[in-house]
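Hi there,

Here is the structure I promised to pass on to you.

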Amino acid sequence: MAPIAVGDSLPDGTLSYFDAEDKLQQVSIHSLAAGKQVILFGVPGAFTPTCSLKHVPGFIEKAAEFKSKGINEIICISVNDPFVMNAWAKTYPENKDVKFLADGSATYTHTLGLQLDLSEKGLGTRSKRFALLVDNLKVKAANIEQGGEFTVSSADDILKAML
């Protein structure tokens, strides 16, 4: 399957998370994105260095700026289980705006065509690093990294795409 691209409709999928009462929930991407402007960004793994120290913090730090530009939701997905994603989210106590959603079996990642085979490194199927700007389910920007790079999918890169 070809990777999702500008002009494509964002496919629906169901992801998992723990709510404020620590109850396991499932949510459809369309329920979060229909009729809204959203940023959906994906990372290869929770607690990994680039993801934890650069990618996620950028979106947390720029959340107010995104909100002022009309962004309704900022969603981080990773091919991890919801327990891991919940624990990872708690390492960012200052976060009020980024939702951490689990794609435990990489089903949604495959639907987006953004799977990354890291079996040789013992990590199995993961997500490519990416950031999508979506307006009412239409992809307006699709910044997809190659390999382990972090050059086009940062919060600043998405802000530039909004100009």
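Some ground rules before we start. This is a predicted model, where local features need pLDDT of at least 70 and side-chain atom pairs count only at pLDDT 80 or more, while totals for chains, interfaces and linings use all residues. Residues are numbered from 1 along each chain as its sequence is written, and side-chain values use heavy atoms, with hydrogens and water left out.

Helices (H or I, at least four residues) and strands (E, at least two) are DSSP runs, numbered from the N terminus. I'd begin with strand 3, which covers 37–43. I call a residue buried under 20% relative accessible area, exposed over 50%, and partly exposed in between (1.4 Å probe, protein chains only). Strand 3 is largely enclosed by the rest of the structure, because 6 of its 7 residues are buried.

Which way do its partners run? Two strands pair if DSSP finds at least two bridges between them. Strand 3 and strand 8 run antiparallel and are joined by 6 bridges, with Gly-42 opposite Phe-130 in strand 8. Strand 3 and strand 4 run parallel, again with 6 bridges, and here Val-43 stands opposite Ser-78 in strand 4.

Helix 2 takes in residues 49–61. The expected span of a helix is 1.5 Å times one less than its number of residues.

His-55 is worth a click: its relative accessible area is 1%, so it is buried. What does the side chain of His-55 make a polar contact with? The partner is the side chain of Arg-129, at 3.2 Å. (A polar contact is a pair of N or O atoms within 3.5 Å; within protein, one must be able to donate a hydrogen and the other to accept it, and residues adjacent in sequence count only if both atoms are side-chain atoms.) Contact in general means heavy atoms within 4.5 Å. Leaving aside neighbours within four places in sequence, the contacts of His-55 include Phe-41, Gly-42, Val-43, Phe-130 and Phe-150.

**The nonpolar cores**

A nonpolar core is a set of buried Ala, Val, Leu, Ile, Met, Phe, Trp, Tyr and Cys residues joined through side-chain atoms within 4.5 Å. The largest one has 26 residues, and those with the most contacts inside it are Phe-41, Phe-59, Phe-66, Cys-76, Trp-88 and Phe-100. Several elements supply at least two residues each, among them strand 3, strand 4, helix 4 and helix 6. Helix 2 gives the most, with 4 residues. Apart from this core lies another, of 20 residues, including Ala-33, Val-38, Leu-112 and Val-139.

Rings of Phe, Tyr and Trp (its six-membered ring) pair if their centres lie within 6.5 Å; planes under 30 degrees apart count as stacked, over 60 as edge-to-face and the rest as tilted. How many aromatic pairs does a search of the whole structure find? There are 7. Phe-59 and Phe-66 form a stacked pair, 5.8 Å centre to centre with 15° between the planes, and both residues are buried. Tyr-92 and Phe-100 are stacked as well, because their centres are 5.9 Å apart and their planes lie at 20°. Tyr-92 is buried at 7% relative accessibility, and Phe-100 is buried at 8%. Phe-47, Trp-88, Tyr-92 and Phe-100 form one aromatic cluster.

**Some single residues**

Phe-47 has a positive phi of about 65° although it is not a glycine. You'll find Phe-47 in the loop between strand 3 and helix 2, partly exposed at 47% relative accessibility.

Leu-137 also has a positive phi, near 75°, and is not a glycine. Leu-137 lies in the loop between strand 8 and strand 9. Is Leu-137 buried or exposed? At 16% relative accessibility, it counts as buried.

Finally, Ala-87 sits in helix 4 and is partly exposed, at 40% relative accessibility. The C-alpha atoms of Ala-87 and Val-6 are 32 Å apart, and the two residues are 81 residues apart along the chain.

Cheers
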